[in-house]
Amino acid sequence: MTQAIFNDASQRMDKSLEALRSEFTKIRTGRAHSSLLDHVLVEYYGSEVPINQVANVNVEDARTLTVTPWERNMVGKVEKAIMTSDLGLNPATVGTVIRVPLPALTEERRRDLVKVVRGEAENARVAIRNIRRDANHALKQQVKDKEISEDEERRAGERIQKLTDEHVARIDEMLAEKEAELMEV
């Protein structure tokens, strides 16, 4: 009984870490990365789709991405989608290839990005704590229903707390890595 609650909590906490990792890849550093444009949506035959479903996104060099739409008529729409995204990028089109130069980050912009990263990490910590709360509530409900003893509940609660501490420590590690990456010139 308690193992099922523990496994569920563990899986949900792992998903929270994956979500944080995904959010961190969207926050750009000074280097070009093909996943930088993953959340940019392009209007494609009446529906909004991610850019990687209508074009190839490649890293040309450390500060330039190249986007090659699969259809010639999509070049303008892809370029417009990149321009209007929240990334502040100015793409340049050469034939069917769109080059996206990444401007160097200023010190002030780096500090702003660090604040954003810290906020994302705090959201992940809150999610982990909510999962812990749900698991502890499920344990209390099992004691109330007389499915487990109070001793079993206490032991399971300690395991869940240990799992929570491990996941929060991983969040802190990921945050430290991302902050170092952002502040690196």
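Helices (H or I, at least four residues) and strands (E, at least two) are DSSP runs numbered from the N terminus. The model is predicted: local features need pLDDT of at least 70, side-chain atom pairs count only at pLDDT 80 or more, and totals for chains, interfaces and linings use all residues. Residues are numbered from 1 along each chain as its sequence is written, and side-chain values use heavy atoms, with hydrogens and water left out.

**View 1. Arg72 in the loop between strand 4 (64–69) and helix 2 (75–84).** Arg72 counts as exposed, at 68% relative accessibility. The cut-offs for relative accessible area are under 20% for buried and over 50% for exposed, with partly exposed in between (1.4 Å probe, protein chains only). Met83 is eleven residues from Arg72 along the chain, and 18 Å separates their C-alpha atoms.

**View 2. The open sheet of four strands, in the order 3-4-6-5.** The pairing is antiparallel; two strands pair if DSSP finds at least two bridges between them. Strand 3 (55–61) and strand 5 (92–94) each have a single partner strand, so one side of each is left without a neighbour in the sheet. From one strand to the next the twist averages 25°. Strand 3 is joined to strand 4 by six bridges, and Asn58 stands opposite Thr66 in strand 4.

**View 3. The largest nonpolar core, of 28 residues.** Such a core is a set of buried Ala, Val, Leu, Ile, Met, Phe, Trp, Tyr and Cys residues joined through side-chain atoms within 4.5 Å. The residues with the most contacts inside this core are Leu20, Phe24, Val117, Leu139, Ile160, Ile171 and Leu182. Two or more residues each come from helix 1 (2–26), helix 3 (107–144) and helix 4 (150–183). Helix 3 gives the most, with ten residues. Another core, of 22 residues, lies apart from it and includes Ala32, Leu65, Met74 and Val75.

**View 4. Salt bridges of Arg125 with Glu122 and Asp172.** A salt bridge is a side-chain nitrogen of Lys or Arg within 4 Å of a carboxyl oxygen of Asp or Glu. Arg125 is buried at 12% relative accessibility. The N to O distance to Glu122 is 2.8 Å; the two residues are three apart in helix 3, and therefore separated by about one helical turn. In the pair with Asp172, the closest N and O atoms are 2.7 Å apart. That pair links distant parts of the chain, with Arg125 in helix 3 and Asp172 in helix 4, 47 residues apart. Asp172 is partly exposed, at 35%.

Note on methods: Axes are lines fitted to C-alpha atoms, for helices over the stretch in contact, and angles run from 0 to 180 degrees between N-to-C directions.
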